[in-house]
Structure formats: C-alpha cells, structure tokens
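Here is a set of questions and answers to work through with the model open. Keep the sequence at hand.

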Amino acid sequence: MNRREFLARAVVSAAVARTASVRGQDRDQSELARVAIMSLGFNSILKNAAQPEDPARTLDILDLPQMLARRYGVHNVELQHSHLPSTEAAYLGELRDRLARAESRVTNINLEFGPQNISAADPLLRQQAIDRTKQWIDAAAALGCPRIMVNQGTLVPESKDVAIAALKAMSDYGRPRRIMVAMENRGGGRQSAAATGAPAAPAPAAWVLLVEVIKASGTYANCDLGNFPDQETQHAGIRGMLPLTDGNCHVKLNPARYDLTAALALVKELGYTGLYSIEANGSSGADPYAAVQRIYDALIPNI
C-alpha cells in the first residue's frame with residue numbers, strides 16, 4: 001500500500017467513525033440511557049489468549065466501552081465473565097479507568113460455570129458454583145456493577161429445593177454488597193411431563209418454575225425477551241417475570257417466533273423502566289457490528 005492509498009483509507013475510516021458517533025449522538029439521550037450492549041455479541045472478534053494468532057480477533061475487551069460509546073452512543077456495558085482475563089485488582093482497576101474514559105459503566109456480569117450450577121445433583125458442584133459466584137460478586141462490586149446473572153443449569157422440579165438453597169447463599173452474600181443476583185428464562189420450552197410427574201396434563205412453561213425459585217430464594221429475574229418458544233408464552237412470561245426484575249432484560253431478534261415490537265409494547269405497558277440489553281448472537285448475522293445495529297434499530301423506536 002502506498003502513502004496515498006494509506007491516507008485515503010484513513011480518511012474513509014475516520015468518516016465512518018464520525019458517522020457512527022453522530023448517529024449515536026442524534027438519538028434521544030433518555031432512550032440511549034436505557035440501552036446496554038452485551039460483550040457476548042462480539043465474542044467472535046474479541047481477543048483471546050487461547051487464540052492469539054487468530055486474525056479475526058481484533059477487539060480487546062478493554063477497548064469495548066469506548067467502541068460502544070463511539071459507534072452506538074451506548075454507555076452501558078454487559079459482560080460475560082469469560083471475557084475478562086483476570087479479576088486481579090490491577091486489571092479491574094485498568095478496566096474501571098477505560099470505562100471512566102468512555103463515561104461508561106458495567107451494568108451486568110453473566111456467569112457461565114458449566115456443570116457448576118445451582119441445579120447440579122452433586123453438592124460439590126453446587127458449592128463450587130456458590131464459591132465462584134461470591135468471587136464474581138466481589139469483582140462486580142469493585143467495578144461498580146449492580147447485578148450479576150447466574151446460569152441455573154437444568155432446573156426441574158426435582159432440583160428446585162437445592163437450587164433455592166444455593167441461590168439464597170449467593171443472594172445473602174450479594175445483598176450487603178449491593179449486588180443483585182438474577183436468572184433469565186432459558187430453554188424456551190416447557191418442563192418435561194416426566195419431570196412434573198403428570199404425563200397426562202400439559203406441563204407448564206419453563207419460566208413458571210423459574211419464577212417460583214426466584215421468589216423462594218429472594219433473588220431477581222432478568223427477563224430475556226428472546227428465550228420463549230412462541231409469542232403467547234413470551235407475553236405470559238413477561239407478565240410473570242417483570243414484577244421480579246433486577247432492572248435488566250435481554251433483547252434479541254427472532255421474527256419467526258415473536259413480534260419484538262409487540263413484546264416491547266407490553267413491557268412498556270407494564271411500567272418497566274429498566275435497561276434493555278442487546279444480545280446479538282450467531283443467528284443475528286456473521287458481522288457482529290451489523291448484528292448489534294439491527295437489534296439497536298428495532299429497539300430504539302419502541303422504548
């Protein structure tokens with residue numbers, strides 16, 4: 001590449017960046033203040049110590065707050081715990097500094113510990129989930145993040161009591177540190193008939209058991225508008241989960257299963273005033289920037 005080509009590309013890149021920045025600034029700031037973007041959507045391009053030579057991985061997690069602020073005008077960042085290479089004080093301090101420069105904040109941290117979860121049959125795995133969650137509650141407190149979300153594993157009626165006990169231990173640790181512990185609806189479908197012990201009757205939707213566990217443990221709901229199998233179940237789940245909200249909900253596009261505009265209208269009707277966190281994934285498209293933009297464009301007019 002000669003000097004002229006280099007300069008021309010630099011000018012184009014700067015223009016694109018300015019356009020993205022202006023687009024974000026043109027939005028009503030009260031709307032943007034209610035939007036968060038998940039690091040999960042950029043998983044395919046985030047730098048990863050396990051894949052240091054992957055040319056597709058161009059974005060450092062420390063640069064994520066500034067990128068979201070400039071490109072989308074969004075200053076609320078939701079993180080996957082696995083995207084942070086360290087929870088040492090020095091690293092968290094550097095991340096806080098980067099957030100401050102972007103005038104941004106971490107609004108939620110999602111914890112995915114695989115078999116170490118509240119529904120595990122093995123009590124050792126449940127205790128490991130509790131211990132690791134406590135460590136991340138401390139990290140959340142250090143970052144000024146008010147909430148964490150745990151993965152409930154395979155939550156069925158048989159695991160209900162142990163799940164409640166594990167969640168309560170997490171919540172009891174988080175409460176004095178002002179950290180809310182939440183779960184989202186997952187699986188999308190219904191509990192199995194065998195699990196409910198009533199094969200002749202339709203099993204309740206999966207969110208019903210989740211709500212029972214949340215209420216019993218004194219924790220919170222992070223309603224994922226996309227994790228429902230159909231629009232009827234989605235609307236029922238929204239009505240059941242929003243009263244227990246931690247002030248955060250996830251937003252995806254899935255027009256084959258539901259009308260996002262109708263779901264957002266219901267959320268508004270129910271008086272929700274919290275955050276809408278954009279969750280782009282593989283089904284949203286290969287380009288993570290464009291995938292986030294599509295959800296952003298569908299969300300903003302309907303807040």
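**Helices, rings and loops**

The chain has 11 helices and 8 strands. The model is predicted.

Q: What share of the 303 residues of the chain counts as buried?
A: A residue counts as buried when its relative accessible area is under 20%. Over the 303 residues of the chain, the buried share is 48%.

Q: What percentage of the contacts with a separation of 6 or more comes from residues 24 or more positions apart?
A: Contact here means heavy atoms within 4.5 Å. Take the contacts in the chain with a separation of 6 or more; the part from residues 24 or more positions apart is 76%.

Q: Are α4 and α5 roughly parallel or oblique to each other?
A: Helix α5 covers residues 123–143, and its axis lies 9 Å from that of α4. The two helices pack at an angle of about 40°. Roughly parallel needs an angle under 35 degrees. That makes the placing of α4 against α5 oblique.

Q: How many charged residues are in the contact of α4 with α5?
A: From α4 come Leu92, Leu95 and Arg96; they meet Ala139, Ala142 and Leu143 of α5. Leu and Ala count as nonpolar, Arg as charged. By class, the contact of α4 with α5 has 5 nonpolar residues, no polar ones, and a charged count of 1.

Q: How are α8 and α9 placed, roughly parallel or oblique?
A: Helix α8 spans residues 206–217 and helix α9 spans residues 231–241. Their axes are 10 Å apart, at an angle of about 5°. Angles under 35 degrees share one label. Therefore α8 and α9 are roughly parallel.

Q: How many polar residues does the contact of α8 with α9 have?
A: Trp207, Leu210 and Val211 of α8 make the contact with Thr233, Ala236, Gly237, Gly240 and Met241 of α9. Gly counts as polar. By class, the contact of α8 with α9 has 5 nonpolar and no charged residues, and its polar count is 3.

Q: Is the ring pair of Tyr72 and Tyr296 tilted or edge-to-face?
A: The chain has 3 aromatic pairs by the ring-centre rule. In the pair of Tyr72 and Tyr296, the centres are 6.0 Å apart and the planes stand at 50°, so the pair is tilted.

Q: How many residues apart are Tyr72 and Tyr296?
A: Tyr72 sits in helix α3 (residues 64–72), and Tyr296 in helix α11 (residues 288–299). Tyr72 is buried at 0% relative accessibility, and Tyr296 is buried at 1%. The pair links distant parts of the chain, with a separation in residues of 224.

Q: Is Glu103 buried or exposed?
A: Glu103 lies in the loop between α4 (89–101) and β3 (105–111). Its phi is positive, near 55°, though Glu103 is not a glycine. At 61% relative accessibility, Glu103 counts as exposed.

Q: Is Arg178 buried or exposed?
A: Arg178 is placed in the loop between α6 (160–174) and β5 (180–183). Arg178 has a positive phi of about 60° without being a glycine. Because its relative accessibility is 74%, Arg178 counts as exposed.

Notes. Residues are numbered from 1 along each chain as its sequence is written. This is a predicted model: local features need pLDDT of at least 70, side-chain atom pairs count only at pLDDT 80 or more; totals for chains, interfaces and linings use all residues. Side-chain values use heavy atoms; hydrogens and water are left out. Helices (H or I, at least four residues) and strands (E, at least two) are DSSP runs, numbered from the N terminus. Buried means under 20% relative accessible area, exposed over 50%, partly exposed in between (1.4 Å probe, protein chains only). Axes are lines fitted to C-alpha atoms, for helices over the stretch in contact, and angles run from 0 to 180 degrees between N-to-C directions. Angles under 35 degrees count as roughly parallel, over 145 as roughly antiparallel, 65 to 115 as roughly perpendicular and the rest as oblique. Rings of Phe, Tyr and Trp (its six-membered ring) pair if their centres lie within 6.5 Å; planes under 30 degrees apart count as stacked, over 60 as edge-to-face and the rest as tilted.
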